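Dear colleague,

I am handing over the structure we spoke about, and it is pasted just below.

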Amino acid sequence: MNAIKNSSAKCHEAEKRGYVYIIGAGPGDPELLTIKAERVLREADVILYDDLVSIELIARYNVLKIYTGKRKDNHHFEQDAINEEILRHAREGKTVARLKGGDPFIFGRGGEEIEVLRQNGIGYEIIPGITAAQGACAYTEIPMTMRKVSSSVAFCTGHPVSKIQVPDTDTIVYYMVASTVYDVLDAVAQKGRDENSAVSIVQNATRYNQKIVTGTLGELRKRAQTVSSPALLIIGESIKQVIKDNWYSKKKKVLIAGGDTSLFNTVEFIKVHFPDKQVECADHDWMENEVPLDLDFIDEIYFSSPACVRNFRKHYNALPEKIAIKTADQITQAEYLKLFSVEVDCRIL
Ligand SMILES: C[S@@+](CC[C@H](N)C(=O)[O-])C[C@H]1O[C@@H](n2cnc3c(N)ncnc32)[C@H](O)[C@@H]1O
């Protein structure tokens with residue numbers, strides 16, 4: 001009896017203290033989330049999410065959402081403040097989903113967060129995510145290992161410069177290289193790697209705006225590229241020159257400005273969703289925090305109603321000519337003509 005009492009007291013204690021899930025959200029494509037993470041996010045009372053977590057993913061969950069990244073008003077959430085925020089919610093007895101880009105244990109500071117939870121007696125679990133290297137390699141056709149070509153791989157950091165290591169593995173993937181890419185390339189060359197080694201820089205991996213730059217170590221060291229975050233640098237002989245023509249780049253990127261998306265099959269299209277309403281959350285305003293959509297990567301835009309056209313027009317005055325515009329019906333077509341002064345195709349459903 002006493003044992004039961006004790007265990008129910010423990011349960012009660014655990015309930016009062018809440019429970020924390022440290023979750024990897026994957027590198028960007030919102031579908032690269034594990035089934036377990038999806039279930040936990042649905043059950044959570046609060047989601048604390050980082051910079052690189054896709055806002056499209058966040059928008060799916062109707063709970064309190066707190067942004068703990070760095071973009072808003074250049075406000076920087078220091079790790080101590082994040083730890084405090086996690087503890088605060090857990091102490092209120094909540095189920096806390098701590099959602100991080102990629103995998104929490106690969107350059108994700110997940111180790112520090114569990115340390116704090118342990119010290120404070122808060123229960124937790126870790127749900128792994130697809131790390132950026134895996135996402136980038138899969139979406140650009142770079143096998144990290146390949147029989148007879150590459151039998152070892154290392155994940156390294158390009159930041160800070162003082163921490164750049166050059167291990168002796170066949171493939172090396174460098175994270176956090178946006179501002180240090182040339183320091184990394186120089187370090188690799190100084191370590192004696194052949195100037196003809198294949199190198200690839202992958203920006204925004206698994207996202208509609210994924211961009212790849214490929215060349216040899218010698219070519220890329222000429223400093224002709226500007227690299228923007230998030231970016232990875234991959235070095236390895238399993239990189240083929242054909243990676244630009246990868247399966248992901250072959251798909252058309254269609255921006256869905258609201259409405260039914262079933263017109264666009266997933267074999268041919270990558271669907272990019274335009275927000276038709278603000279994301280409701282405690283500390284996040286979509287247009288303020290999200291990097292604006294880069295229309296250079298968009299092939300088509302689909303408007304399902306006049307309201308979608310009006311919402312879109314609030315953010316864009318004109319669209320690049322190369323983008324094909326599709327509207328669901330003639331009223332939407334007329335609205336587009338009125339607001340953008342351009343005749344467009346009308347796709348009757
Ligand atoms: C602080 S680390 C977090 C890594 C994350 N925990 C993971 O497992 O992918 C941030 C770095 O991850 C890499 N990264 C994350 N998402 C990426 C993406 N979609 N494309 C390219 N690099 C990405 C970039 O190098 C970025 O600077």
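The residues of the shell around the ligand divide into 14 nonpolar, nine polar and three charged, where Ala, Val, Leu, Ile, Met, Phe, Trp, Tyr, Cys and Pro count as nonpolar, Asp, Glu, Lys and Arg as charged, and the others, Gly among them, as polar. This is a predicted model, in which local features need pLDDT of at least 70 and side-chain atom pairs count only at pLDDT 80 or more, while totals for chains, interfaces and linings use all residues. Residues are numbered from 1 along each chain as its sequence is written.

The ligand is surrounded by 26 residues, of which Gly 102, Gly 108, Ala 132, Ala 205 and Pro 230 are the closest; a residue counts as near if its C-beta atom, placed from the backbone, lies within 6 Å of the molecule. Two or more residues of this shell come from each of α6 (132-140), β8 (198-203) and β10 (231-235), the helices (H or I, at least four residues) and strands (E, at least two) being DSSP runs numbered from the N terminus. Because domain 1 (2-129) and domain 2 (133-242) both give residues to the shell, the ligand lies between them; the domain bounds come from an automatic or database domain assignment.

Some backbone details deserve a look. Pro 230, one of the closest residues to the ligand, is joined to Ser 229 by a cis peptide bond with omega of about 0 degrees, and Pro 230 sits in the loop between α8 (217-220) and β10. The peptide bond from His 159 to Pro 160 is also cis, with omega near -5 degrees, and Pro 160 belongs to the loop between β6 (153-157) and β7 (171-175). Phe 107, although not a glycine, has a positive phi of about 45 degrees, and is found in the loop between β4 (95-100) and α5.

Turning to helix packing, the axes of α4 (residues 79-91) and α5 (residues 110-119) come within 10 Å and cross at roughly 45 degrees, the axes being lines fitted to C-alpha atoms over the stretch in contact, with angles running from 0 to 180 degrees between N-to-C directions. The two helices, α4 and α5, are therefore oblique to each other (angles under 35 degrees count as roughly parallel, over 145 as roughly antiparallel, 65 to 115 as roughly perpendicular and the rest as oblique). In this contact, Gln 79, Asn 83, Ile 86 and Leu 87 of α4 meet Glu 112, Glu 113 and Val 116 of α5, contact meaning that C-beta atoms, placed from the backbone, lie within 7 Å.

For α11 (residues 306-313) and α12 (residues 330-340), the axes come within 8 Å and cross at roughly 25 degrees, which makes α11 roughly parallel to α12.

Best regards

How values were computed:
Two residues are in contact if their C-beta atoms, placed from the backbone, lie within 7 Å.
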